[in-house]
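Colleague: Could you take me through one part of this model in detail? I would enjoy a close look at the side chains and how they meet.

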Amino acid sequence: MKTLFASLIALVALAWGWALAQTPAPVHVQPLWLARQELLYLSGLLSVAMMSLAMFLATRPAWLEAPFGGMDRIYRSHKWAGILAVGFAALHWLIEMSDDILKATIGRQGRVPDEIFAGLHDALRDLAEDLGEWAIYAVLAMLVITLWKRFPYRPWRFLHRAMPVIYLMLVFHAALLAPTAYWAQPVGALLAVLMGAGVYGAVCALLGRIGKARESRGEIVAVEQPTPDITTVVCRLGPAWRGHHPGQFAFVSFDDKEGAHPFTIASADRGDHTVRFQIKALGDYTRGLAQRLQPGQMVRVEGPYGRFDIGRRKPRARQIWIAGGIGVTPFLAWLESLQATPDKAPAAELHYCTRDQSTDAFAPRLQALCAALPAVRLHIHDARQGAKLTAAALGVSGKTEIWFCGPSGLANALRQGLAALGLRPRFHQEAFEMR
C-alpha cells in the first residue's frame, strides 16, 4: 500500500514538475505568489489523484486481489487513499486561503495573472470554483464521521453514498480550473486517466453496479445461536455461485436497507452451493441478527473474495496458525476442507485465543476437527485462566510461515515480540476492517 501511494504521488509530482519546467515564468511575478500558485496546482492534482484511486478501488476489482494481497487490502487502500485525498484537499484549501496573508505582507503587486475566459466557459469556471469549495467541506465532514468509530453504521453508510456525487463535483472543479496548458502536456494525460478511472467508479456506485457480476442469490436454510454473541447462518445459493476456497469471505445482504456486510465463509466448499457464516455480535445490526433471520428468507451473497487461502501456504515452511475470537472462522473452513484427506493435512501449530473456553462456541468444534487431523496440533489459550499467547511461545525458527486472523492489537503485539527476538517470519494477516 505504501509503495502504491508513494509511486502515485511521485508520478503526479513528476508530471507537475515537468509542466512547471516547460512553462516560462511570467514576467514581473513575485516568487511567493508564483510558489502559492504552483503549490495550489500540486495539492489539487494530488487530491484528485488519491480520490480517483479511492473511487476506482471502491468497485471491488477482483483482478487486483493478487497484486494487492486480497480484497481486504484493496479496501484498506481505498480507505487510506480517501484519507490522503481529504488531507491534500484541506491543504489545497489552506493554500487558496493564504492569499489574504500574502496581500497583507507583500501586497497585491506581482500576482500571477489569471487566464482570460469569456461567456459560458467563464460562468462554468465560477460554478466549478463554488462546487469545489463545497465538496471540500463535504469530504472533510465525511472524514470526521468515518474516523469516529462510534458513529452508527447505518447513517454512515447512507451519507457515504454521497461520495460519488462529491467526487464528480471535484472532477468538474479540477477539469475546469486546471491550467489550459496542462491538457497538451503529460500532466493533462495523467489527470485524464485518473479522472476517467474515478468517474467509472462513481458511475458504477451511482447505478448500483458494484459487485453485481459476482453476486449470487439464494435462501437461508438454517439459523442457530450457539452462544448469545454468535449467530450461525447457513445459506443455499443459486447456480451463479462460483464456489470458494477455504478462508475466503463474501459480502452478504440479508436486508436491502442495511446493505452488504463482509463475513468470512466458515465452511469448506462441498460443491452443493451451501455456505455457512459464523457472525459475532459486534454492532447494532449483528446483535439482533438471530431474531431477524429465519429459514426461507432470501439472501444475496457477493464473492468470494480474499487471499487468506490454505492453498497459498508454502509447503516447505513451518506452519503456525493463530486465531483470535471470531477470527477463527477461516481456520474452521481450512480444517473442514482437510477432513476428507487427513493424510494430506500439513503439519501445523494452531493457536486459538479465547476469553473463556468454558463458554466459547468454537473451542469444541476446533477440538473435534483437529482430532481427525493428527498433523495439526491445537493450543487453546484461555484468557480467563491467565493463558496469554506471546511471541516467544510460538517457537518460531527457520522457515516459518504465520497465518493470523484476529484482533489487530494481538497481531501488533506478536509482530513486535517477534521483532524484539530478531525474528521476521512471513506473516499473513486479514485486514478485516472495511470502514
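Which residues does Ser47 touch, not counting residues up to four places away in sequence?

Modeller: Happy to. This is a predicted model, so local features need pLDDT of at least 70 and side-chain atom pairs count only at pLDDT 80 or more, while totals for chains, interfaces and linings use all residues. Residues are numbered from 1 along each chain as its sequence is written, and side-chain values use heavy atoms, with hydrogens and water left out.

Leaving aside residues up to four places away in sequence, Ser47 touches Ala85, Phe88 and Ala89; contact here means heavy atoms within 4.5 Å. Ser47 lies in helix 2 (residues 31-57), where helices (H or I, at least four residues) and strands (E, at least two) are DSSP runs numbered from the N terminus. With a relative accessible area of 6%, Ser47 is buried (buried is under 20%, exposed over 50%, partly exposed in between, using a 1.4 Å probe and protein chains only).

Now to the rings. Rings of Phe, Tyr and Trp (its six-membered ring) pair if their centres lie within 6.5 Å; planes under 30 degrees apart are stacked, over 60 edge-to-face, and the rest tilted. By this rule there are 19 aromatic pairs. One of them joins Trp93 and Tyr137: the ring centres are 6.3 Å apart and the planes stand at 70 degrees, so the pair is edge-to-face. This pair links distant parts of the chain, as Trp93 is in helix 4 (residues 71-97) and Tyr137 in helix 6 (residues 119-147), 44 residues apart. Trp93 is partly exposed at 26% relative accessible area, and Tyr137 is partly exposed at 33%.

Tyr137 also forms an edge-to-face pair with Trp134, at 5.8 Å centre to centre and 90 degrees between the planes. Trp134 and Tyr137 are three residues apart in helix 6, so about one helical turn separates them. Trp134 counts as exposed, with 59% relative accessibility. Elsewhere, Phe308, Trp321, Phe331, Trp334 and Trp403 form one aromatic cluster.

Charges meet rings too: a charge sits over a ring if NZ of Lys or CZ of Arg is within 6 Å of the ring centre and within 35 degrees of the ring normal. Arg111 lies over the face of Trp33, at 5.0 Å from the ring centre, and Arg60 lies over the face of Phe251, at 4.1 Å from the ring centre. Phe251 has Glu302 in strand 6 as its bridge partner. Strand 3 (residues 249-253) and strand 6 (residues 298-305) pair in the antiparallel sense over four bridges; two strands pair if DSSP finds at least two bridges between them.
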